[in-house]
Amino acid sequence: MYRVNNRDRNGPGIHQGEKGIMSKPSKTAETLAKFLTYALGRRPDEFGLVTDSRGYISLKALVQALRQEDGWGHLRPAHINEVALTVIPCPVEIENDHIRARERDQLPAAIIPRDLPKLLYIPIRRKAHPTVLEKGLRSGSRPHLVLSSDREMALKLGRRIDNEPVILTVQVSQSLDKGVDFKQYGDTLFLTDNIPAGTFSGPPLPKEKPTTGKPAKPRPVDRNPTPGSYFPDFFAESEPLSSSVRAKRRKKETEWKKARKQARRHKSRQQDG
């Protein structure tokens with residue numbers, strides 16, 4: 001990895017790395033630099049992103065969001081690293097696995113809204129659906145829950161966590177009655193730390209597939225046992241046999257015993273001769 005020479009970061013031309021001289025940034029890097037300046041420094045809310053108190057967003061969340069935009073489905077962290085290493089002046093700052101814009105004076109702030117929409121939308125994973133219906137939602141280890149007044153934005157947020165997310169419709173007035181506080185971030189995003197059960201609606205839970213109740217199939221029986229051996233048939237019918245069937249079986253057993261004796265005699269003669 002290259003190490004940027006800070007003395008040249010704000011100057012024109014090229015800069016020195018550990019492996020030699022890096023050339024000027026590519027057109028893709030320059031275009032991405034402008035995109036990052038807008039997405040991180042002006043309107044992260046347009047991409048469903050919320051910065052922390054220092055203006056940082058995780059690199060993973062940023063890449064997930066920007067890859068949903070037209071023309072950026074190919075985006076990888078390496079492209080952002082190229083911007084940080086080649087574009088001068090550098091528009092972003094990277095700290096561990098987080099990134100922020102250098103110019104942040106136009107960032108939206110989380111504010112107490114004067115007017116709230118009647119409905120807000122929030123996505124959840126399908127496997128969490130039953131638990132959420134029963135217990136509601138809490139931010140937990142996350143700084144906040146992110147809702148949107150735009151259902152399409154909620155769907156976009158949901159597709160970052162599940163291919164087919166469940167979208168819940170939050171009744172704002174019922175939430176306020178239960179003590180929920182909302183803050184607004186940008187035009188369509190709203191933040192809170194909990195959504196109680198009973199204050200939202202969603203699609204019905206999928207019906208469980210009924211069990212067929214069919215008995216297990218019996219284990220197949222080997223009808224061709226090893227010659228010279230006898231294996232009892234544990235899966236044979238237990239009903240009594242007729243006299244004719246018993247007579248046939250006795251005849252077969254007698255013939256089989258005679259054949260075995262003859263085979264032994266023949267083998268013994270060959271050994272004596």
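Student: What does the secondary structure of the chain come to?
Tutor: The chain has seven helices and 13 strands. Both are DSSP runs numbered from the N terminus, helices being H or I of at least four residues and strands being E of at least two. This is a predicted model, in which local features need pLDDT of at least 70 and side-chain atom pairs count only at pLDDT 80 or more, while totals for chains, interfaces and linings use all residues. Residues are numbered from 1 along each chain as its sequence is written, and side-chain values use heavy atoms, with hydrogens and water left out.

Student: How many residues has the chain, and what percentage count as buried?
Tutor: The chain has 273 residues, and 33% of them count as buried. Buried means under 20% relative accessible area, exposed means over 50%, and partly exposed lies in between, with a 1.4 Å probe and protein chains only.

Student: Which helix does α1 cross at roughly 95 degrees?
Tutor: The partner is α3, residues 77–86, and the two axes come within 9 Å. Axes are lines fitted to C-alpha atoms, for helices over the stretch in contact, and angles run from 0 to 180 degrees between N-to-C directions.

Student: Which members of the largest nonpolar core touch the most other members?
Tutor: They are Leu32, Leu36, Leu40, Leu62, Leu66 and Ile80, in a core of 25 residues. α1, α2 (59–66), α3 and β5 (98–101) each supply at least two residues of this core, and α1 gives the most, with seven. A nonpolar core is a set of buried Ala, Val, Leu, Ile, Met, Phe, Trp, Tyr and Cys residues joined through side-chain atoms within 4.5 Å.

Student: What is Leu40 in contact with?
Tutor: Leaving aside neighbours within four places in sequence, Leu40 is in contact with Ile57, Leu62, Val92, Ile99, Arg100, Ala101 and Leu107.

Student: Now Gly48: is it buried or exposed?
Tutor: Gly48 is buried, with a relative accessible area of 10%. Gly48 lies in the loop between α1 (27–41) and β3 (57–58). Not counting residues up to four places away in sequence, Gly48 touches Met153, Leu157, Arg160 and Leu189.

Student: And where does Thr169 lie?
Tutor: Thr169 lies in strand β9, residues 166–171. Thr169 counts as buried because its relative accessibility is 17%. Beyond neighbours within four places in sequence, the contacts of Thr169 are Leu119, Leu120, Tyr121, Thr199, Phe200 and Ser201.

Student: Turning to the backbone, which peptide bond is cis, with omega near -5 degrees?
Tutor: The bond from Ile88 to Pro89 is cis. Pro89 lies in the loop between α3 and β4 (92–95).

Student: What about the phi of Asn96?
Tutor: Asn96 has a positive phi of about 55 degrees although it is not a glycine. Most residues other than glycine have a negative phi. Asn96 lies in the loop between β4 and β5 and, at 71% relative accessibility, counts as exposed.

Technical notes. Contact means heavy atoms within 4.5 Å.
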